[in-house]
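Hello,

Here is the structure I promised to hand over. Please have a look, then read my notes below.

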Amino acid sequence: MLEKTEDGALTVRSKEFGVTYHSTHGAIQETQTVFIDAGLKYRAQQSNKIAVLGIGFGTGLNALMTYLHSLKEGLELEYIGVEAYPIDMEVVKQLNYLDLLGAEPYEQDFIAMHSHSNKTIQLSPKFSFQKKIAKFEDLNYKGQFDIIYYDAFAPNAQPHLWEPPMLHKMYNALKKDGVLVTYCAKGVFKRTLKSLGFSVEGLPGPIGKREMTRAIK
Ligand SMILES: C[S@@+](CC[C@H](N)C(=O)[O-])C[C@H]1O[C@@H](n2cnc3c(N)ncnc32)[C@H](O)[C@@H]1O
């Protein structure tokens, strides 16, 4: 079930969809490029108080790296990570992210992210976190988030999650000028975002991927 990616970080292979949770070219470098650099750092230029919706939570790597970045930069963060199929704690304990990120002192916080569901926890004075157990399809947030990390399985594995009804929900969930970032750069996906009212940029992707997408409401 666990596999090593090219930057040494482990990832999970989904039994149901047959695909990995991260790029095989490096899970950490993917999260850094797509979500932290293009999403969090970009938005933090405008405000140091940020609400993030992470879809899906999975191994918690995006949430962990967001937490570490926010501590370093003194950002005030509210993070909701949505997940329909949480991974077992046995798997969480084998993940090597804390080691690779030099974040061993935050082990209890990483475990807490995984062990609490549907309840907001305060991991530091400025970082609140909730793992929400739900299907993306059932979300109906309105104007609440500065950033969406759109990290569902790829369109060939979960096509409906990349189609207008879901992306319309994402549009509604964002504040004005809110930012959606994702590793996906398919033409039809970008055209759908534009048709919903997003302005869409193609940015250089993480290693192994020419392009990624940033869309602004
Ligand atoms: C590409 S993985 C994302 C991994 C995650 N960001 C991480 O760092 O591990 C996609 C995640 O979405 C979850 N997922 C798939 N379909 C879902 C759905 N309909 N609703 C909510 N979560 C879903 C999967 O279980 C998986 O954890």
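**Around the ligand**

The ligand is surrounded by 17 residues, and the closest are Gly56, Gly58, Thr59, Leu61 and Ala84. A residue counts as near a molecule if its C-beta atom, placed from the backbone, lies within 6 Å of it. The shell divides into eight nonpolar, five polar and four charged residues. Here Ala, Val, Leu, Ile, Met, Phe, Trp, Tyr, Cys and Pro count as nonpolar, Asp, Glu, Lys and Arg as charged, and the others, Gly among them, as polar. Both α2 (61–73) and β4 (76–83) supply at least two residues of this shell. Helices (H or I, at least four residues) and strands (E, at least two) are DSSP runs, numbered from the N terminus.

**How to read the model**

This is a predicted model: local features need pLDDT of at least 70, side-chain atom pairs count only at pLDDT 80 or more, and totals for chains, interfaces and linings use all residues. Residues are numbered from 1 along each chain as its sequence is written.

**The chain**

The chain has seven helices and ten strands. Its C-alpha atoms fill a box of roughly 45 × 40 × 30 Å, taken along the principal axes. Buried residues make up 39% of its 217 residues. Buried means 20 or more other C-beta atoms within 10 Å of the residue's own, exposed means 12 or fewer, and partly exposed lies in between; C-beta atoms are placed from the backbone.

**The core**

The largest nonpolar core has 50 residues. Such a core is a set of buried Ala, Val, Leu, Ile, Met, Phe, Trp, Tyr and Cys residues joined through C-beta atoms within 7 Å. Val52, Phe145, Ile147, Ile148, Tyr149, Leu180 and Val181 touch the most other members. Helix α1 (residues 27–44) gives the largest share, seven residues.

**Helix α5**

Which residues of α5 (residues 107–115) are buried? They are Asp109, Phe110, Met113 and His114. Seen down the axis of α5, the buried residues fall within an arc of 140 degrees, so they line one face of the helix. That arc is taken over the directions from the helix axis to the C-beta atoms. Exposed Glu107 and Gln108 sit on the face turned away from the buried side.

**Ala134**

Ala134 lies in the loop between β6 (127–133) and β7 (145–150). Ala134 is partly exposed, because 15 other C-beta atoms lie within 10 Å. Its C-alpha atom is separated by 9.1 Å from that of Asn118, 16 residues apart along the chain.

Best wishes
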